[in-house]
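Hello,

Here is the structure we spoke about. Please open it alongside this note; my findings follow below.

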Amino acid sequence: MQAAILLAIVGASHCFLLAVVSHLQSRVPRASDKILTTILVIEGLRLAAMAAIGMGQGGIWLYVHSLRFAAGPLLFFYTLFLVGRPAAVSWRSGLHFLPLLLLTFVIFLNHVGLLGVERQQLVTPVAFVEGLLFIVYGSFARRTVKSYRRDLLQTHSFVEHINLDWLRYVCIYIISMG
């Protein structure tokens with residue numbers, strides 16, 4: 001158990017360090033850099049919460065996991081910005097964050113005692129919806145990468161220097177986490 005706590009702390013530290021590096025890498029951060037930094041901070045918070053749970057401080061789990069509901073849409077938007085399709089992101093894109101807002105509202109209502117549900121009763125549905133969102137948004141991101149690659153092959157004769165395999169692997173990893 002102590003090794004898992006240590007691993008979570010090291011992972012959180014790495015996420016926060018990578019977030020700082022991602023944020024400071026250029027003088028004028030692009031939108032994709034800001035989204036990546038946000039994803040790394042969310043993952044760092046999740047890992048820090050896992051370490052806190054291992055040390056007996058489990059009350060923050062649902063609050064941190066409500067933030068994780070933003071990670072799926074953020075991965076999708078990150079992919080859109082990387083492949084040069086930011087026009088696909090509009091004000092309606094905020095609707096992708098409705099599950100996050102809904103879950104935060106439910107957690108707040110439960111915290112003030114209006115729902116009367118024990119925290120453990122919320123864990124299973126939250127984990128299920130979180131997994132479902134990761135699968136859906138990971139699939140959206142993977143489909144965007146495939147579509148971009150197909151469009152490149154149709155419009156350019158030499159695309160070997162454009163390698164998005166790393167992004168495909170990130171999408172597959174995110175889907176497998178769901």
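First, a rule for aromatic pairs: rings of Phe, Tyr and Trp (its six-membered ring) pair if their centres lie within 6.5 Å, and planes under 30 degrees apart count as stacked, over 60 as edge-to-face and the rest as tilted. By that rule, the count is five aromatic pairs. Take F76 and F140: their ring centres are 5.5 Å apart and their planes sit at 55 degrees, so this pair is tilted. F76 lies in helix α4 (residues 71–82) and F140 in helix α6 (residues 119–155), so the pair ties together parts that are 64 residues apart in sequence. F76 is buried, at 11% relative accessible area. F140 is partly exposed, at 28%. Here buried means under 20% relative accessible area, exposed over 50%, and partly exposed in between (1.4 Å probe, protein chains only).

F77 and F97 make a tilted pair too, with 6.0 Å centre to centre and 45 degrees between the planes. F77 lies in α4 and F97 in the loop between α4 and α5, so this pair ties together parts that are 20 residues apart in sequence. Both F77 and F97 are buried. One aromatic cluster takes in F76, F77, F97, Y137 and F140.

Before the rest, some ground rules. The model is predicted: local features need pLDDT of at least 70, side-chain atom pairs count only at pLDDT 80 or more, and totals for chains, interfaces and linings use all residues. Residues are numbered from 1 along each chain as its sequence is written, and side-chain values use heavy atoms, with hydrogens and water left out.

Now the overall picture. The protein has seven helices and zero strands. Helices (H or I, at least four residues) and strands (E, at least two) are DSSP runs, numbered from the N terminus. Of the 178 residues, 38% are buried. Contact means heavy atoms within 4.5 Å. Among contacts between residues at least 6 apart in sequence, 71% join residues at least 24 apart. The accessible surface comes to about 10800 Å², and 68% of that belongs to carbon and sulfur atoms. These areas come from the Shrake-Rupley method with a 1.4 Å probe; for residues, only the protein chains shown count as cover.

How many salt bridges does a search of the whole structure find? It finds one. The term means a side-chain nitrogen of Lys or Arg within 4 Å of a carboxyl oxygen of Asp or Glu. R46 pairs with E43, and their closest N and O atoms are 3.0 Å apart. Both R46 and E43 are buried. They are three residues apart in helix α2 (residues 31–54), which means about one helical turn separates them.

L67 is in helix α3 (residues 61–68). At 34% relative accessibility, L67 is partly exposed.

Last, helix α5. This helix (residues 98–111) has 14 residues and spans 20 Å from first C-alpha to last, close to the 20 Å expected at 1.5 Å a residue. That expected span is 1.5 Å times one less than the number of residues. Its buried residues are L100, L103, I107, L109 and N110. Just after α5, G113 takes a positive phi of about 90 degrees.

Best wishes
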